[in-house]
Amino acid sequence: LRWDLDPKRLAVGIEDPDGCRRFGAALLENVKVGPSPKWMQERLIAAGMRPIHNAVDITNYVMLELGQPLHAYDADRLKGSSLVARRAHAGESLRTLDGVDRLLAPDVLVIADGERSLGIAGILGGADSEIRPATTRIALECASFEPRGIDRTAQKLGLSQQSAASARFRLNLSPELVPLA
């Protein structure tokens, strides 16, 4: 496994500093997606979470340990080598991880690559960039979002109870957690 914070290989940007206060990412290479260690699966289950695979489980484990959510994207499915926190474009849509196609209003904060939204910031990722068994490169995102915006968006989209991450972002997490996580 190799991880990289080189902005030439994976750049990050914030187009809406009111909605996203801090944004970081790392590129992980030579990843093997598979089961998490048994001890991690047991910890996640004890915390009420369902183990999925090592790439997602470690993000959930860090969230449980530090309180700071992370999100993993299949880096080979990104268009361009950047992640940006921005507002949705008029008419933009996204199929989320729950299989629902969602038309995004322009006030919805998203995480996007160079061409399209990848997820609803702090709430739910998109299906197109999810980690798959064949994934070998991961773009790992960590951000600090404005809590009232996360709450409004989650309620508007009917996702208030859907996401452990959004519940944590509503607590007004410190932007100082981003580099630590």
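In the counts of lining residues below, Ala, Val, Leu, Ile, Met, Phe, Trp, Tyr, Cys and Pro are nonpolar, Asp, Glu, Lys and Arg are charged, and the others, Gly among them, are polar. This is a predicted model, in which local features need pLDDT of at least 70 and side-chain atom pairs count only at pLDDT 80 or more, while totals for chains, interfaces and linings use all residues. Residues are numbered from 1 along each chain as its sequence is written, and side-chain values use heavy atoms, with hydrogens and water left out.

**First stop: the largest pocket**

Select V56, N60, H71, L97 and L124, which lie nearest the centre of the largest pocket among the 33 residues that line it. Several elements give two or more residues to this lining: helix 2 (54–66), strand 4 (71–74), strand 9 (117–120), strand 10 (124–125), strand 11 (137–145) and helix 4 (164–169). Helices (H or I, at least four residues) and strands (E, at least two) are DSSP runs, numbered from the N terminus. Which element gives the most to the lining of the largest pocket? Helix 2 does, with 4 residues. By residue class, the lining of the largest pocket holds 19 nonpolar, 10 polar and 4 charged residues. The volume of the largest pocket is about 880 Å³.

Both pockets and cavities are found on a 1 Å grid over the protein atoms alone: a cavity is a set of points where a 1.4 Å probe fits but cannot get out, a pocket is an open set with protein on both sides within 12 Å along at least five of seven lines, and lining residues have an atom within 4 Å of a point. Grid points are joined across faces, edges and corners, and a volume is the space filled by probe spheres set on the points.

**Second stop: the cavity**

The structure holds 1 cavity of 30 Å³ or more. To see the lining of the largest cavity, select G19, R87, L109, A121, I123, E146, G149, I150 and T153. Helix 3 (residues 147–156) supplies the largest share of this lining, 3 residues. The lining of the largest cavity divides into 4 nonpolar, 3 polar and 2 charged residues, and the volume of the largest cavity is about 60 Å³.

Now display the open sheet of 5 strands, whose order is 2-5-8-9-10, with mixed pairing. Strand 2 (11–14) and strand 10 are at the edges with a single partner strand each, so one side of each has no neighbour in the sheet. Two strands pair if DSSP finds at least two bridges between them.

Select strand 8 (residues 109–112), which pairs with strand 9 in the antiparallel sense over 3 bridges. Strand 8 and strand 9 form a hairpin with 4 residues between them. Across this pair, V110 stands opposite I120 and A112 stands opposite S117. Strand 5 also pairs with strand 8 in the antiparallel sense, over 4 bridges, and here A112 is the bridge partner of V84.

In a regular strand the side chains alternate between the two faces of the sheet. From strand 8, L109 and I111 point one way and V110 and A112 the other way, and all are buried. Buried means under 20% relative accessible area, exposed over 50%, and partly exposed in between (1.4 Å probe, protein chains only).

Select A88, in the loop between strand 5 (82–87) and strand 6 (93–95). A88 counts as buried because its relative accessibility is 6%. Beyond its neighbours within four places in sequence, A88 is in contact (heavy atoms within 4.5 Å) with L104, A105, P106, V108 and V110.

Next, select T135, in the loop between strand 10 and strand 11. Is T135 buried or exposed? T135 is buried, with a relative accessible area of 3%. A polar contact of 2.8 Å joins its side chain to that of D74; such a contact is a pair of N or O atoms within 3.5 Å, where within protein one must be able to donate a hydrogen and the other to accept it, and residues adjacent in sequence count only if both atoms are side-chain atoms. The side chain of T135 also reaches the backbone nitrogen of R132 at 2.8 Å.

Finally, select I45 in helix 1 (residues 38–46). I45 is exposed, with a relative accessible area of 53%.
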